[in-house]
Amino acid sequence: MKCSICGRKAVAQIRYARLSLCREHFSDYIIRKVKKLVDKYNLFDRDSRILVAVSGGKDSLALLDILYKMFSREKTRNIYALFIDLGIGDYSRKSREVVEKYTRERNIPLIIVDVRELLGVSILELAKKAKRPTCSVCGVVKRYIMNAVAIELNAVVATGHNLDDIAAYIFKEFLQQKLENIKKLAPVVEGINDIAAKKVRPLYEVYEKETLTYVLINKLEYVIDECPFVNRDSLERNIKKYLNELEYKFPGIKIGFIRSFEKKSQCYPSPSGSVNKCRVCGLISSTDVCSYCRLTAKALGKPMGLETRKYIREKIYSLFKEG
Ligand code: SF4
Ligand code: ZN
Ligand code: ZN
C-alpha cells in the first residue's frame with residue numbers, strides 16, 4: 001500500500017476519503033482537518049488563551065499535540081494544560097506522570113488540580129460520602145474544575161472528545177428523547193460572561209481510530225489502561241460498537257452523520273433550566289446553588305466552591321510567578 005500523495009509506504013488507510021497515507025501525510029491530514037474545523041467555527045479568537053483538559057489518554061494527548069503544533073509559533077495564543085488528579089491509585093499516578101512528561105518536554109504550562117489536596121478525599125471517598133455513583137460525582141467535580149480554571153485564566157476550554165464519542169452521545173440522548181441535551185453536543189458551546197467558559201471540541205471530525213493512529217505515529221506516550229471505574233457495558237459503549245459495524249459496511253457514515261448534525265444542531269430545543277450564578281461560589285448553576293457546592297456540602301459538610309476557586313487562583317498565580 002502506497003501513500004496517495006507521495007508514493008512512500010502508507011501506514012494508514014482512510015476508507016471514507018479513499019486515501020492511503022504515509023506517516024508524515026497522515027499527521028498533516030489530521031492537523032489540517034482540525035484546523036479546518038477550528039476556522040469554520042471560530043473556536044478560538046485571535047487572542048484566546050486555550051486550556052486543554054488532558055487526562056493522559058490518547059484523545060486528549062493527541063488534541064494537545066495537534067493544538068501545540070498548530071499554535072506554538074503564534075505568540076498571541078497561549079496554550080495551557082489542565083490535569084485533574086482524582087486520586088484513583090495507579091491510574092491517576094501513571095496519567096499524571098505522562099502529562100507532566102509531555103508538557104515539561106514542550107514547555108507547556110501545566111495546572112494540576114489534586115482532588116485529595118483540595119478536598120481532603122479522593123473521588124471514590126467523596127462518592128461514598130455523598131452516597132452517589134463514582135462516575136456521576138467525578139463528572140460534577142471535573143466539569144466544575146475545568147470551568148473554574150478556564151474562568152480564572154480567561155481561557156477557552158478544549159476537550160478531547162472525538163467523532164465516535166460525540167456520535168454515541170447524540171444517539172444516546174436521541175434514544176432517550178432528551179432532545180434538550182443534544183444542542184450542547186455541538187463543536188462549540190459559547191461561554192456566559194464570568195460564570196461559564198466557552199467550551200470547544202476540536203476533534204469533532206476525527207475518528208477515534210485516527211487519534212490512536214496519530215499518537216502511535218507520533219510516538220506519543222499515553223496511558224493505555226482505562227480508569228478502573230469505567231463501565232465497559234454502558235449504553236454509549238454499545239452504541240459505539242453498533243456504529244462501528246455500520247461504518248465498516250458503509251465507510252463514512254459516521255462523519256456524514258456528524259457533519260449533518262453540525263449544520264442542524266441549532267434546531268434542537270435549548271435546555272429548559274434557567275441560568276443563575278451559584279449563591280455560594282458565583283459560577284454557573286441551574287438552581288440557586290450549583291451542583292458542586294451541593295455535592296461537597298452533602299459529602300463534606302461544607303460547600304467547597306469558594307475554596308476551590310481560591311485554590312485554583314493560587315495555582316495559577318504560582319504558575320505565572322515561576323514562568
Ligand atoms: Fe471519572 Fe473514572 Fe468514572 Fe471516568 S470512569 S467518570 S475518570 S471515575
Ligand atoms: Zn506521503
Ligand atoms: Zn457553587
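Let's start with one residue: Gln177 is partly exposed, because its relative accessibility is 46%. On this scale, buried means under 20% relative accessible area, exposed means over 50%, and partly exposed is in between, using a 1.4 Å probe and protein chains only.

Some ground rules. This is a predicted model, where local features need pLDDT of at least 70, side-chain atom pairs count only at pLDDT 80 or more, and totals for chains, interfaces and linings use all residues. Residues are numbered from 1 along each chain as its sequence is written, chains are lettered from A and ligands numbered from 1 in the order in which they are written, and side-chain values use heavy atoms, with hydrogens and water left out.

Back to Gln177. Its place is the loop between helix H7 (163-175) and strand E7 (188-189). Helices (H or I, at least four residues) and strands (E, at least two) are DSSP runs, numbered from the N terminus. Gln177 is not a glycine, yet its phi is positive, near 55°. Asn193 also has a positive phi without being a glycine, at about 30°. Asn193 sits in the loop between E7 and strand E8 (199-200). Asn193 counts as exposed, because its relative accessibility is 75%.

Now the inside. Which residues have the most contacts inside the largest nonpolar core? They are Phe44 and Leu67, in a core of 60 residues. Helix H2 (residues 58-71) gives the most to this core: eight residues. A nonpolar core here is a set of buried Ala, Val, Leu, Ile, Met, Phe, Trp, Tyr and Cys residues joined through side-chain atoms within 4.5 Å. There is a second, separate core of 47 residues, and Leu51, Ile123, Tyr144 and Met146 are among them.

Take Leu67. Contact means heavy atoms within 4.5 Å. Not counting residues up to four places away in sequence, Leu67 touches Phe44, Ile50, Val52, Ser72, Ile79 and Ala158.

Ala158 is worth a stop. Ala158 belongs to strand E6 (residues 155-158). Ala158 is buried, because its relative accessible area is 0%. Leaving aside neighbours within four places in sequence, its contacts include Phe44, Leu63, Leu67, Val200 and Pro202. Lys198 is 40 residues from Ala158 along the chain, and their C-alpha atoms are 8.7 Å apart.

Next, the metal. What are the protein donors of the zinc ion (ligand 3)? They are Cys278 (SG), Cys281 (SG), Cys290 (SG) and Cys293 (SG), lying 2.3 to 2.4 Å from it. Donors are N, O and S atoms within 2.8 Å of the metal (3.2 Å for Na, K and Ca); water is not among the atoms, so sites may look incomplete. The angles among the four donor atoms run from 102 to 115°, and the site is tetrahedral. For four donors, that takes all angles between 85 and 135 degrees. Along the chain, the spacing is C-x2-C-x8-C-x2-C. Cys278 lies in the loop between strand E9 (276-277) and strand E10 (284-285), and Cys290 in the loop between E10 and H11, so the pair ties together parts twelve residues apart in sequence. Cys278 and Cys290 are both buried.

Last, helix H11 (residues 291-300). Its buried residues are Tyr292, Cys293, Leu295, Thr296 and Ala299. Why are they on the same side of H11? Because they cover an arc of only 160° around the axis. The arc is taken from the directions from the helix axis to the C-beta atoms. These buried residues pack against helix H4 (115-119), helix H5 (123-130), helix H6 (134-153) and helix H12 (305-322). Just after H11 comes Gly301, with a positive phi of about 80°.

Technical notes:
Tetrahedral: all angles 85-135°; square planar, octahedral: opposite > 155°, others 65-115°.
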